[in-house]
Amino acid sequence: MKEYAVTINQTLENLNSSYNGLNESQVSLSKIKHGENKIEKLKNKSIFKRIFSALFEPMLIILEISMFITLGVNLGKFLKTGNGDFYECIGILLSIGISVFLTVYMEGKSQRAFELLQQISSDSFVKVVRNGEKTIIKQSELVVGDIVMVSSGDKVFADGRILSCNFLSVDESTLTGESLPVKKNADIILNESVPLAERVNMLYSGTFIVEGEGVYVVTAVGNNAEMGLIASDLQKNDGVSAPLQEKLDRLSKTITFIGVTSAVFVLILTIARLICSRAVTFSNLQETFLSAIVLIVASVPEGLPTTVAIALTLNVVKLSKSNALIKKLVATETVGCVSVICSDKTGTLTENKMKVEEIFFACKDSEKFIKINSLVNSTAYISKEGEVGSPTELALIKRYLKQKESVEKYRSDFNIINPLPFSSELKYSSITILDGESITYIKGAPEKIYEFCLKSPSANALFEKIKSFQSERKRVIAFAHSIDTSSEYVFDGFAVICDPVRKDVKQSVLECKRAGISVKMLTGDNFDTAFSIARELNLTSDRKNVVLATEIEKISDEKLKLCLPNIAVVARSTPKTKLRIVKLLKEMGEVVAVTGDGVNDAPAIRHADIGISMGNGSEITKEASDIILLDNSFSTIVTAINFGRNVYQNFQRFIMFQLSVNFTAVTFIVISLILGVESPFTTVQLLWINLIMDGPPALTLGLESRGRELMSDRPVKRSDDIVSKKMLLRILIHAGFMCAILMLQYKVDFLGCGERQMKTALFSLFILFQLFNAFNARELGSTSVFKNLKSNKPMLVVFFITFILQVVFSEFLGGFFGTVSLPIITWIKIILTAFSIILLSESYKLVKRLIKNKNNA
């Protein structure tokens, strides 16, 4: 049986303890049986294992293969000519080094969060009873069965069953998300199925005593305590990689397979031709082998990881200017693919600060009585050192007191007698002030104050309003006063107090819905409060879409998967409930973001695709997250999603350009060999083509920046390939067209170059085709390329420089590139011919726009 479901005596008996506490031998036995009050950490992987593991990431394997191939090419070139260009090898090696460093560095994120969790209570002391005497020990020395005494301001360091308490109220927001302090009751016996947030006879580690005092027996320490269970979840690794990495891994494997297969085919075909022509020599075989290797280098997207890293880094800087601190590079893109946001309520959707929403006065004179009642009839106070007291009383004080004013100074102006503090039994507090006449002020639960004001007409008039606010699960405090000890009280009015929704949240939730993103609220609050907030935020207006965590715990994973699309709110959520929901949503193919600020959110944040914490949240949660919202604004999430979608589209632009170059080059070379003509490009020319495909010209496609219109798109699914069917169709059309024109020139010579200038013309035409086609890649949809032509100025500059270099290399470095000088008229013909790829693309998009308009008409 659970401790909260049995009597106090049964609990003490089960733990072999008593009100006199444990003796030394019992303490030793308890340590052996239940462990110490320390959170044990899993054995960390050594730095060498972490580096080794990082090196075998699929994307890095592609880079490593590329590096060795490139090294082999240049070694062969060095052996053949005495010259070798090893700069590309160094560049790829640097890319590998940076990727490994970032992977190993970020792997320590959850470990850091775990360490902070351990530090939460280091070097603190607690009051206990041992051997029948009160003593003080370190919190780490607590064991199961210890009798611990707590009072206002104390932190709880171990889970336990309350033995006795006096007006004990506990802040459990870090553990449960409940914004209001929980009033405790030692004598109650609960059902075993009661959720953690409703276990009023228990105390849990990591929580704080707001008021009152109590004595409890320790029932769980270390890893077995609720905070220890959270620490265990933080250390676990679910083995699920980022959606972007999954997509790029699939793409890299596909392209590499195609490239290697093509290279092997070319190698076999070339060797067969050499054998048939009896031209098999060491020099020819070496050239054939080098050409095959270069073809692999040209097809393998070794520039992709570098482009990804650069694009992500640039967007980290951009997002930091929008108050989003990115801790993990890939998070800048993953957040753009988010399809479900699971958000905590307290401190995330709401401010986690009780505020007076509105005060209703019974008459004109009521305001002065309510002000005195709020400021003087209270045990709360605010000073430079901090705030002390219940959140409700502090909210009333802040309503009437300016920031620099002292509540103690205000109270000193009154002659106060007979103060009666608020208690859960009385449900009201009162004071009497002597100032010529005796005025008694009372405030508290409306139903209790109403009993004092049965003869007051204003009480009856306002009580229906009070009921409407209470039905919305808002806290209502009623006020009344009596003059000269009269038994008749005058009802002054009431204040509506709540934890207000953050100003930007409602609009942000609406934007998320328009963007196809589902927002779910996982809160520790009760059913009615959760539904009230959800209705205010337009998350749902149907109570059927709100469920309790206890209901979820009773059903299987498969059944819960069927229910999750219709669930908008989970009330009384525990850390385990949140974690389970996140894992199931990911299994369903959703890209999940979790937002929160408390310790109870940390496990779900750690295991989500994107963990988002508030800047004013707990250090543990911030360490476990991928993104920290420095301004605590939910709208910053929407901004981050928009940035992420732009990053994803930039990757698509780069890949579309890269694959167009890839397919054109490979297809052109293979067809040339099949037709029995000489390979159109030399090894050096292929390397220059590869530089354009992976170098600065291609990287500038990652600098495209589009506006808020991206939020009208649907989220990209986890299972979707980064190369969509529409992209693949365009790649094949563009590559097929360019290859056809190149083959036409090779066989027919419509440019009129002659045999001597043929290969130079083909080489230059191929390069210019790719430069113009890069502009096509800027627009993924049916938008004209000319609409945003000037928006990416770095791209215009880099491509112009690349064109100038192509002309210079062809004209003045012919010996190195194997080219000859071309007349100006030939260059003009080449430029006009290459520009035809723009005309083809624009024609294709025009037809698409016409069809779309016709269908919409």
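# A question-and-answer tour

Reader: In which helix does Val-847 lie?
Author: Val-847 lies among residues 824-856. Helices are DSSP runs of H or I with at least four residues, strands are runs of E with at least two, and both are numbered from the N terminus. By that numbering, the helix of Val-847 is H33.

Reader: Before we go on, what kind of model is this?
Author: Residues are numbered from 1 along each chain as its sequence is written, and side-chain values use heavy atoms, with hydrogens and water left out. Local features need pLDDT of at least 70, side-chain atom pairs count only at pLDDT 80 or more, totals for chains, interfaces and linings use all residues, and the model itself is predicted.

Reader: Is Val-847 buried, exposed or partly exposed?
Author: Buried means under 20% relative accessible area, exposed means over 50%, and partly exposed is in between (1.4 Å probe, protein chains only). The relative accessible area of Val-847 is 47%, so Val-847 is partly exposed.

Reader: How many residues of the protein count as buried, in percent?
Author: The protein is built with 33 helices and 23 strands. Across its 857 residues, the share that counts as buried is 54%.

Reader: What percentage of the contacts with a separation of 6 or more comes from residues 24 or more positions apart?
Author: Contact means heavy atoms within 4.5 Å. Among contacts in the protein with a separation of 6 or more, residues 24 or more positions apart account for 72%.

Reader: Why does H26 count as roughly antiparallel to H30?
Author: H26 (residues 635-674) and H30 (residues 755-777) have axes 9 Å apart. Axes are lines fitted to C-alpha atoms, for helices over the stretch in contact, and angles run from 0 to 180 degrees between N-to-C directions. Angles under 35 degrees count as roughly parallel, over 145 as roughly antiparallel, 65 to 115 as roughly perpendicular and the rest as oblique. H26 is roughly antiparallel to H30 because the two pack at an angle of about 155°.

Reader: How many nonpolar residues does the contact of H26 with H30 have?
Author: Residues of H26 including Met-656, Phe-657 and Phe-668 meet a set in H30 that includes Leu-762 and Phe-766. Ala, Val, Leu, Ile, Met, Phe, Trp, Tyr, Cys and Pro count as nonpolar, Asp, Glu, Lys and Arg as charged, and the others, Gly among them, as polar. On that basis the contact of H26 with H30 has 5 polar residues, 1 charged residue, and a nonpolar count of 9.

Reader: At what angle do H29 and H30 pack?
Author: The axes of H29 and H30 are 10 Å apart. H29 is roughly antiparallel to H30, given their packing angle of about 160°.

Reader: Where is the place of Asp-749?
Author: Asp-749 is a residue other than glycine, yet its phi is positive, near 60°. H29 spans 725-748, and the place of Asp-749 is in the loop between H29 and H30.

Reader: In which strand does Asn-418 lie?
Author: Asn-418 also has a positive phi, about 50°, although it is not a glycine. Asn-418 counts as exposed, at 56% relative accessibility. The strand that holds Asn-418 covers residues 416-420 and is E13.

Reader: How many Å separate the C-alpha atoms of Val-356 and Val-476?
Author: Val-356 is found in strand E10, residues 355-361, and is buried, with a relative accessible area of 13%. Not counting residues up to four places away in sequence, Val-356 touches Ala-395, Leu-396, Arg-399, Ala-495, Val-496 and Ile-497. Val-356 and Val-476 are 120 residues apart along the chain, and their C-alpha separation is 9.6 Å.
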